Amino acid sequence: MKFLVDSMLGKLTRFLRIFGYDTIYANDLINFFNINPVPDELLIDYASKDNRIIITKDFPLYMRYKDKSIFLKGEGIYNYLHQLNKQFGIKFEFSFKQARCSICNSQLERVTNKISIKSDVLKETYNHFNEFYQCSNLQCKKVYWQGSHIEDIQYKLGKTLEFD
Ligand SMILES: [Zn+2]
C-alpha cells in the first residue's frame, strides 16, 4: 500500500515512512510540479498514475477521489494512526528491515561498520547502541537506531489501539 499524504500532515508522513509505507508528501511535490500549493487535480493525477492512496483532511479533495482516498477526522497523530488502523486495517509494526527514511522516503541499510557513522551521531548514542541503519539515499544518509524515540512511538501507539 502506497500513499500520497496531503499538506499539513507532515508528521503523519514521517510516521508512515518509519513504519515502512512508501509515502509521498504533497509539499514535496511543490518542486516537482513547480507550483505552490499543488492543485488537487495534479495531486489526483500523480496518485492515480503512481497507484497511491491519498490521505487528506480536505473534504472536497476526498470527494473528488473517493474510491482511493482516506478522509481523516479530528486532530493529532495518534488519532490519525488509530483511524487508519481501525477503518482501513493499516498496521503499524516497526522493523528496521521495512522502515523507510522519515525525511526522504528511501529505504534504510544496515550499517556494517559502526565507525563509519561515528561523526553523524552523539557520542552517548554511538557508545550505547551497536545496531545502526542509514538512509540509502546518498544525498540524505540520515542515521537511525533503535532508541527511545521509536520505543515511545510503539508504546503510545499500543496504548491508543488498546483503549478503543
Ligand atoms: Zn533519507
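Two strands count as paired if DSSP finds at least two bridges between them. Keep that in mind while looking at this model, which is predicted.

**Stop 1: the antiparallel sheet**

Select residues 132-135, which are strand 6, and then 143-145, which are strand 7. Three bridges join strand 6 to strand 7, and the two run antiparallel. To find one of these partners, pick Gln134: its bridge partner in strand 7 is Val143.

The three strands make an open sheet in the order 5-6-7, with antiparallel pairing. On average, neighbouring strands here are turned by 35° against each other, with direction ignored.

Stay on this part and show the side chain of Cys135. Is Cys135 buried or exposed? Its relative accessibility is 4%, which is under the 20% limit, so Cys135 counts as buried. Compare Cys104, which is partly exposed with a relative accessible area of 25%. The structure holds zero disulfides.

**Stop 2: the parallel sheet**

Strands of a sheet pair through backbone hydrogen bonds, either parallel or antiparallel. For the parallel case, select residues 3-5, which are strand 1, and residues 23-25, which are strand 2. Strand 1 and strand 2 pair in the parallel sense over three bridges. Pick Leu4, and its bridge partner in strand 2 is Ile24.

The whole sheet is open and has four strands in the order 2-1-3-4, with parallel pairing. Strand 2 and strand 4 (69-71) stand at the edges with a single partner strand each, so one side of each has no neighbour in the sheet. Neighbouring strands of this sheet are turned by 20° against each other on average, direction ignored.

**Stop 3: Asp22**

Select Asp22, in the loop between helix 1 and strand 2. Asp22 is buried, with a relative accessible area of 17%. Which side chain does the side chain of Asp22 contact? Show Arg52: the two side chains make a polar contact at 3.0 Å.

**Stop 4: aromatic rings**

A search of the whole structure finds 14 aromatic pairs. Select Tyr21 and Phe92, which form an edge-to-face pair, 6.3 Å centre to centre with 75° between the planes. Tyr21 lies in the loop between helix 1 (10-18) and strand 2, and Phe92 in the loop between helix 5 (77-88) and strand 5, so the pair ties together parts that are 71 residues apart in sequence. Tyr21 counts as buried at 15% relative accessibility, and Phe92 does at 11%.

Next, select Phe32 and Tyr46. Their ring centres are 5.6 Å apart and their planes are at 85°, so this pair is edge-to-face. Phe32 lies in helix 2 (residues 29-33) and Tyr46 in helix 3 (residues 40-49), so the pair ties together parts that are 14 residues apart in sequence. Phe32 is exposed at 57% relative accessible area, whereas Tyr46 counts as buried at 18% relative accessibility.

**Stop 5: charges over rings**

Select Lys114 and Tyr126. The charged end of Lys114 sits over the ring of Tyr126, 4.6 Å from its centre. Finish with Lys142 and Tyr144, where the charged end of Lys142 sits over the ring of Tyr144, 5.3 Å from its centre.

Terms used: Residues numbered from 1 in each chain as written. Predicted model: local features only at pLDDT ≥ 70, side-chain atom pairs only at ≥ 80, totals over all residues. Heavy atoms only, no water. Axes fitted to C-alpha atoms, helices over the stretch in contact; angles between N-to-C directions. Phe/Tyr/Trp six-rings, centres within 6.5 Å; stacked < 30°, edge-to-face > 60°. Buried < 20%, exposed > 50% of the residue type's maximum accessible area, 1.4 Å probe, protein only. Lys NZ or Arg CZ within 6 Å of the ring centre and 35° of its normal. Disulfide = S-S within 2.5 Å. Polar contact = N/O pair within 3.5 Å; in protein donor to acceptor, adjacent residues only side chain to side chain.
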